[in-house]
Amino acid sequence: MGNVYSEYLSSSKVKEHYNYTKENLDTKETPSRQVASALIIILCCAIVVENLLVLIAVARNSKFHSAMYLFLGNLAASDLLAGVAFIANTLLSGSVTLGLTPVQWFAREGSAFITLSASVFSLLAIAIERHVAIAKVKLYGSDKSCRMLLLIAASWLISLVLGGLPILGWNCLGQLEACSTVLPLYAKPYVLCVVTIFSVILSAIVALYIRIYCVVRSSQADVAGPQTLALLKTVTIVLGVFIFCWLPAFSILLLDYACPVRACPVLYQAHYFFAFATLNSLLNPVIYTWRSRDLRREVLRPLQCWRRAAGVQGGRDGTPGHRLLPLRSSSSLERGTHVPTSPTFLEGNTMV
């Protein structure tokens, strides 16, 4: 094991592994590759900005300091960091890859695995919260904020450990025949383990939502109101988009485990599958801001303030723009856990 760790700073190891698993090492920066890299970086910058706006909205408004929004904020944080990780991955790809040391390569790829793990655990936390709040008809109170924060911290700790296993020793340095084709320094058993864990968690999430839908659709359910069903639709859309975006990447990793080295040419196009998976981090904030008027209003508030300030500076008479109206109704994402019969309350529905 000590010999393995001694190779972490070797400048030739990455090239050795890529030579073994790849048919060719064409890393020339062609115009098409430069355009593709630029588009990916622009996409990732949009991901960072979108999710940063969501985090600011959740942090600055006390209406969003509830279980549901804390978990959605955690999902936004993982998506934001995923955007940063993909930017770093893109900048350190191509011809730069072969100049990396193994420890630098592990940091590059591990950051993406950590953010992916955090997203999966965030989805699991949201599913558990929905099951507790709806199926069990229990609400999180302020005395449980510490418990929620501990759950979020635990999800990140597990993600760090899971993404850091290769740099801790579970890799294929010194064992070329055990190496992944898509990720040439990762051991195939590690890749299979990660995909299996994610698949089991996603299956558990789907099972929880099926259970929740059975409860709210049953004639005995007291919580089967329109707002509850709208909320379930929102979180189910988030889950469905995650599976849709990541299923091709998970499939290519499973194929990678099954295929002998250089036996499956499609594995050399894996970067397209992972680029498609990146869309998930772009779509998530669009989904839950589109579905909640309160959150959408709060997310757009900084942009409206900037526009108003620009209008004041550019206007001839200096007349300020329209004043931003405060949030008047409680969030439907939170109200989805309980539907009162008060007509006045029902008029405040913010779910679209």
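Biologist: What is the chain built from, helices or strands?

Modeller: The model is predicted, and its protein chain has 12 helices and 0 strands. Read along the sequence, the pattern is α-α-α-α-α-α-α-α-α-α-α-α.

Biologist: How much of it is buried?

Modeller: Buried residues account for 45% of the 352 residues in the protein chain.

Biologist: What share of the contacts join residues at least 24 apart?

Modeller: Counting contacts between residues at least 6 apart in sequence, 78% join residues at least 24 apart.

Biologist: Let's pick a helix pair. At what angle do α3 and α4 pack?

Modeller: Helix α3 covers residues 31-60 and helix α4 covers residues 67-91. They pack at an angle of about 155°, and their axes are 8 Å apart.

Biologist: Why call them roughly antiparallel?

Modeller: Angles over 145 degrees count as roughly antiparallel, and theirs is about 155°, so α3 and α4 are roughly antiparallel to each other.

Biologist: Which hand does the crossing of α3 and α4 have, left or right?

Modeller: The crossing of α3 and α4 is left-handed.

Biologist: Which residues meet there, α3 against α4?

Modeller: On the α3 side they include Ile40, Ile41, Cys44, Cys45 and Val48. On the α4 side they include Gly73, Ala76, Ala77, Leu80 and Phe86. By class, this contact of α3 with α4 has 18 nonpolar, 5 polar and 1 charged residues.

Biologist: Now α4 and α9. How far apart are their axes?

Modeller: The axes of α4 and helix α9, residues 270-290, are 10 Å apart. The two pack at an angle of about 145°, and α4 passes α9 in a left-handed crossing.

Biologist: Which residues of α4 meet α9?

Modeller: Leu72, Leu75, Ala76, Asp79, Ala82 and Phe86 in α4 do. In α9 their partners are Phe274, Thr278, Asn280, Ser281, Asn284 and Tyr288. The residues of this contact divide into 7 nonpolar, 4 polar and 1 charged.

Biologist: Changing topic: where is Thr101?

Modeller: Thr101 is in the loop between α4 and α5, with α5 at 102-135.

Biologist: Is Thr101 buried or exposed?

Modeller: Its relative accessible area is 13%, and the cut-off for buried is under 20%, so Thr101 counts as buried. Leaving aside neighbours within four places in sequence, Thr101 is in contact with Tyr8, Leu9, Ser10, Ser11 and Val14.

Biologist: What about Pro189, where does that one sit?

Modeller: Pro189 is in helix α7, residues 188-217. At 42% relative accessibility, Pro189 counts as partly exposed.

Biologist: What is Pro189 in contact with?

Modeller: Beyond its neighbours within four places in sequence, Pro189 is in contact with Trp170, Ala178 and Tyr257. The C-alpha atoms of Pro189 and Asn171 are separated by 9.1 Å, and these residues are 18 apart along the chain.

Biologist: Last one: what phi does Arg262 have?

Modeller: Arg262 has a positive phi of about 65°, although it is not a glycine. Arg262 is found in the loop between α8 (226-258) and α9. With a relative accessible area of 39%, Arg262 is partly exposed.

Note on methods:
Residues numbered from 1 in each chain as written. Predicted model: local features only at pLDDT ≥ 70, side-chain atom pairs only at ≥ 80, totals over all residues. Heavy atoms only, no water. Axes fitted to C-alpha atoms, helices over the stretch in contact; angles between N-to-C directions. Helix = DSSP H or I, 4+ residues; strand = E, 2+ residues; numbered from the N terminus. Parallel < 35°, antiparallel > 145°, perpendicular 65-115°, else oblique. Left-handed = near helix turned anticlockwise from the far one by under 90°. Contact = heavy atoms within 4.5 Å. Nonpolar A, V, L, I, M, F, W, Y, C, P; charged D, E, K, R; others polar. Buried < 20%, exposed > 50% of the residue type's maximum accessible area, 1.4 Å probe, protein only.
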